[in-house]
Amino acid sequence: MEQLKEQSIDLVVTSPPYPMIEMWDEQFCSINPAIKKEIDCGNYNGAFEAMHQILDGVWQELWRVMKTGAIACINIGDATRTNNQKFQLYANHARIQQQFQALGFDTLPLILWRKQTNAPNKFMGSGMLPAGAYVTLEHEYILLFRKGNRRQFNTAADKHQRKQSAYFWEERNTWFSDLWDFKGVRQDTNNRELRRRSAAFPFNLPYRLINMYSLNGDTVLDPFAGTGTTLLAAMAAGRNSVGYELDLNFLPALHTMVEQNISYLRQVSIERIENHLKFVQTRVGEGKKLKYLNSYFGFPVMTAQEQDLQILFVEQIEKSGEQSFRVSYFDPQYIKSIAPEDLAILNLK
Ligand SMILES: C[S@@+](CC[C@H](N)C(=O)[O-])C[C@H]1O[C@@H](n2cnc3c(N)ncnc32)[C@H](O)[C@@H]1O
C-alpha cells in the first residue's frame, strides 16, 4: 500500500479471503503457485500456512500505515476441510491473532458474529451415530487489535470532534456486546447476487465498527475492499476511506453501488434518529427519566456524553477521479431546522 503514508490511518475494517475455504483457493494459488502443489499432494497444513503467509504481508503493512492508538477490526471465519478422509478445523482466527501479536499489536476483546442457518445440511459428519459428528460452524470472528497506547485527545478541537462523534447509550448497549447476530437490522444495499459471490459482509458490520472506533473526519482503510461495503459505510458515517482490491472486476460494481445507494446511506442516519426517538418514547412510557438534552437535535438522551452527539446526512456523492468519490453532507444548520421526527423528508426530495 505504498500510496499510504506511515501513520496515516485511524481505523482498519476488513475481511480477507479465508484460507482453506475452497472459494478462495484459486486466488491464493494464483498469488503463490506453490500452494496448488501443497493442496494437490494433500499437505493441507502446508497450504494453510502458505495462505496465511500471504495475508501476513498485509498485516505487516497495516502496522506501518496505522496511527498509534488506531484499531484494526478483522472479520474472519475458520474453515473445515476433509483431506484423505481426515476431517479437520483450520483455525484462521487463531493464526491471524498470533501474527498480530507477533507484529506488536495488542489484542482486544473480540466479537463473535453469529450466522445461524436453517440449512438442513449444516450438521457435519455421522448424523445420529456417535462419535463422528461435528458441531456446526455458525459463527465468524471480528478480531480487534490496537497499535500501541490508547488514542489521545489533547486539543480542544480533538475533544470536540470526539464528543460530536458519540453514539447513543442504547446503541452502546447493543454494539459493545461480544455477540452480534444482525437479526432485525435493516436489509443490505441492492446487488445481492454480487454481494453473495464476493462474500461481502453486511453493511451494518463495518458501519457499527466505524462508529465505535473512529471519529467524524477520520480515515478508514479496507485492504481487501471487495464490493466496497466498508467504504460505503464510511461514507454514511462521515469518515474518509481508502480501499485496495486485487480483483478489478469489482470496480464497476462499486461505482454502481455508490451511485444507486445515496438514499440508502442517508436512510442509515435517518433510522438511527428514528430508533432513538422510539427508545425515548418507550422509556418515558415506562415512567423512566432521561436526564440530558442533545444540544443539536433537541431530544432527550441518557448521558452527558451524548449531549453533543451529531449525526451526518449524506447530501451528494460525486466522482472526483477515476477511482475516487467526494461525499458532501447536509449543512448542520439546515438539519437543525428540521424536526428530528421529520428527517425522512431528506429522502423525499
Ligand atoms: C472476503 S472478500 C472482502 C469482501 C468485502 N468485505 C465486501 O464486503 O465486499 C476478500 C477480498 O480480498 C481481495 N484480495 C485478496 N487478496 C488481496 C490482496 N493481496 N490485495 C488486495 N485485495 C485482495 C479478494 O479479491 C476479495 O475481493
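**Figure 1. Arg283 in helix 11.** In this predicted model, Arg283 sits in helix 11, which covers residues 262–285. Its relative accessibility is 17%, so Arg283 counts as buried. Apart from neighbours within four places in sequence, Arg283 contacts Trp169, Lys288, Lys289, Leu290 and Met302. Ala166 lies 117 residues away from Arg283 along the chain. The C-alpha atoms of Arg283 and Ala166 are 20 Å apart.

**Figure 2. Helix 10 and its cover.** Helix 10 runs over residues 250–260. Its buried residues are Phe250, Ala253, Leu254, His255, Met257 and Val258. In an α-helix, residues three or four places apart point the same way, because each turn takes 3.6 residues. Several elements lie over the buried residues of helix 10. Among them are helix 7 (192–197), helix 9 (229–237) and helix 11. Strand 14 (314–321) and strand 15 (324–329) also belong to this cover.

**Figure 3. Helix 8, residues 204–213.** Nine of the 10 residues of helix 8 are buried, so the rest of the structure largely encloses this helix. The buried residues include Asn204, Leu205, Pro206 and Tyr207. Arg208, Leu209, Ile210, Asn211 and Met212 are buried as well.

Figure 4. The ligand is surrounded by 19 residues. The closest are Gln27, Thr227, Thr229, Glu245 and Leu246. The shell divides into 11 nonpolar, six polar and two charged residues. Thr227 places a polar side-chain atom 2.6 Å from a ligand oxygen. For Thr229, a side-chain N or O atom is 2.5 Å from an oxygen atom of the ligand. Leu246 uses its backbone: an N or O atom there lies 3.2 Å from a ligand nitrogen. Taken alone, the ligand exposes 610 Å², and the protein buries 93% of that.

**Figure 5. Asp25 in helix 1.** Helix 1 covers residues 25–31 and contains Asp25. The relative accessible area of Asp25 is 12%, so this residue is buried. Asp25 touches Ile39, Met51 and Arg81, leaving out residues up to four places away in sequence.

Figure 6. Gln7 lies in the segment before strand 1 (9–14). Met20 lies in the loop between strand 1 and helix 1. Is Met20 buried or exposed? Met20 counts as buried because its relative accessibility is 1%. Gln7 has 39% relative accessibility and therefore counts as partly exposed. A cis peptide bond joins Pro130 and Ala131, with omega about 5°. Ala131 belongs to the loop between strand 6 (124–125) and strand 7 (133–134).

**Figure 7. The whole protein, for orientation.** The secondary structure comprises 12 helices and 15 strands. Along its principal axes, the C-alpha trace spans about 70 × 50 × 40 Å. Buried residues make up 47% of the 349. Of the contacts with a separation of 6 or more, 69% join residues 24 or more positions apart. The accessible surface is about 18100 Å², and carbon and sulfur atoms account for 50% of this.

Terms used
Residues numbered from 1 in each chain as written. Predicted model: local features only at pLDDT ≥ 70, side-chain atom pairs only at ≥ 80, totals over all residues. Heavy atoms only, no water. Near = heavy atom within 4 Å. Polar contact = N/O pair within 3.5 Å; in protein donor to acceptor, adjacent residues only side chain to side chain. Areas by Shrake-Rupley, 256 points an atom, 1.4 Å probe, with all protein chains shown as cover. Nonpolar A, V, L, I, M, F, W, Y, C, P; charged D, E, K, R; others polar. Helix = DSSP H or I, 4+ residues; strand = E, 2+ residues; numbered from the N terminus. Buried < 20%, exposed > 50% of the residue type's maximum accessible area, 1.4 Å probe, protein only. Contact = heavy atoms within 4.5 Å.
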